[in-house]
Amino acid sequence: MLEHFQWIPFLLAITLLTMTPGVDTFMVIRNAARGGWRDGFLTSFGICCGLFVHATISAAGLSVILLGSAQAFIALKLAGALYLAWLGFQSLKSAWQAKGMNIPDVAAKAVSPWVSLREGFLSNVLNPKPIVFYMAFLPQFIDPAQSPLGQSLFMAGLHFTIANVWQGLLVVLVNRARLWLAQPRVARSLDGIAGVMLLGFGAKLASSQ
């Protein structure tokens, strides 16, 4: 399988996709500012675990069924939009509090590891765009003579690694700026911006065709 794999085109395309700002990137930055490097890394890990779900669905052919069923696709899209809207509401609610995100310079805000993983995983899995992308993109690199599932998971593994490296870099940069982010005015502003953008992402997802 690896002998004929088109490494350079795939790695270039998936790297550019990963570095393009979107919901996943913003979620990592938001959570790293909220709870420090652990929150950010766990959110990134959760997001990237969702890639294997999309790869499995694509390889199993369920994407064809999902994309062919307008009702199923709309249901998934609305679920993702509602989840992003809920996250946006939580950020706006936090912005109204006296200390915003309450980001001290030493001890990060206590956030359950499960919360970080869940937020990252659901933000990715409930977004139908990766399903469309994987369905259109991965078959270009599939060898019909080999297992589609094995190849899809292999490519998802490469995407997983690249995305974690990039998002991990973002986490480190945000964590180094914690003293600045610890200022109540800055924290509240970041919460407000996060809330508005997440609500915007949700509205865009709900209205997309």
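Predicted model: local features only at pLDDT ≥ 70, side-chain atom pairs only at ≥ 80, totals over all residues.
The protein chain contains nine helices and zero strands. Its pattern along the sequence reads α-α-α-α-α-α-α-α-α. The chain has 209 residues, and 41% of them are buried. Contacts in the chain were also sorted by sequence separation. Of those between residues at least 6 apart in sequence, 86% join residues at least 24 apart.

Two packed helices are described by the angle between their axes and the distance between the axes. Helix 2 covers residues 23-60, and helix 7 covers residues 148-176. The axes of helix 2 and helix 7 are 8 Å apart, and the packing angle is about 170°. This angle lies over the 145-degree cut-off, so helix 2 is roughly antiparallel to helix 7. The contact of helix 2 with helix 7 comprises 25 nonpolar residues, twelve polar residues and one charged residue.

Helix 2 also packs against helix 5, which spans residues 113-125. The axes of helix 2 and helix 5 come within 6 Å and cross at roughly 50°. Helix 2 is therefore oblique to helix 5. The crossing of helix 2 with helix 5 is right-handed. Twelve nonpolar, nine polar and six charged residues make up the contact of helix 2 with helix 5.

Helix 1, residues 7-19, meets helix 7 as well. The axes of helix 1 and helix 7 come within 10 Å, with a crossing angle of roughly 45°. Helix 1 and helix 7 are therefore oblique to each other. Their crossing is right-handed. On the helix 1 side, the contact is made by W7, F10, L11, I14, T15, L17, T18 and M19. Helix 7 contributes F154, M155, L158, H159, I162, A163 and W166. By class, the contact of helix 1 with helix 7 has twelve nonpolar residues, three polar residues and no charged residues.

Aromatic contacts were examined next. A pair of aromatic rings is described by the distance of the centres and the angle of the planes. The whole structure holds three aromatic pairs. In one, the ring centres of W37 and F41 are 6.1 Å apart. Their planes stand at 65°, so the pair is edge-to-face. W37 and F41 both belong to helix 2. They are four residues apart, about one turn of the helix. F41 is partly exposed because its relative accessible area is 34%.

F52 and F160 form an aromatic pair with a centre-to-centre distance of 5.5 Å. The angle between the planes is 45°, and the pair is tilted. F52 lies in helix 2 and F160 in helix 7, so the pair ties together parts 108 residues apart in sequence. F52 has a relative accessible area of 28% and is therefore partly exposed. F160 is at 18% relative accessibility and so counts as buried. F45, F52 and F160 form one aromatic cluster.

Q167 is placed in helix 7. Its relative accessibility is 3%, so Q167 counts as buried. Beyond residues up to four places away in sequence, Q167 touches D24, V28, S44, I47 and C48.

L149 also lies in helix 7. At 39% relative accessibility, L149 counts as partly exposed. With its neighbours within four places in sequence left aside, L149 is in contact with T56 and A59. L149 and A60 are 89 residues apart along the chain, and their C-alpha atoms are separated by 7.1 Å.

Q140 sits in the loop between helix 6, residues 128-137, and helix 7. Its relative accessible area is 52%; the cut-off for exposed is over 50%, so Q140 is exposed. Q140 and Q6 are 134 residues apart in sequence. Their C-alpha atoms are 9.5 Å apart in space.

Technical notes:
Residues numbered from 1 in each chain as written. Heavy atoms only, no water. Helix = DSSP H or I, 4+ residues; strand = E, 2+ residues; numbered from the N terminus. Buried < 20%, exposed > 50% of the residue type's maximum accessible area, 1.4 Å probe, protein only. Contact = heavy atoms within 4.5 Å. Axes fitted to C-alpha atoms, helices over the stretch in contact; angles between N-to-C directions. Parallel < 35°, antiparallel > 145°, perpendicular 65-115°, else oblique. Left-handed = near helix turned anticlockwise from the far one by under 90°. Nonpolar A, V, L, I, M, F, W, Y, C, P; charged D, E, K, R; others polar. Phe/Tyr/Trp six-rings, centres within 6.5 Å; stacked < 30°, edge-to-face > 60°.
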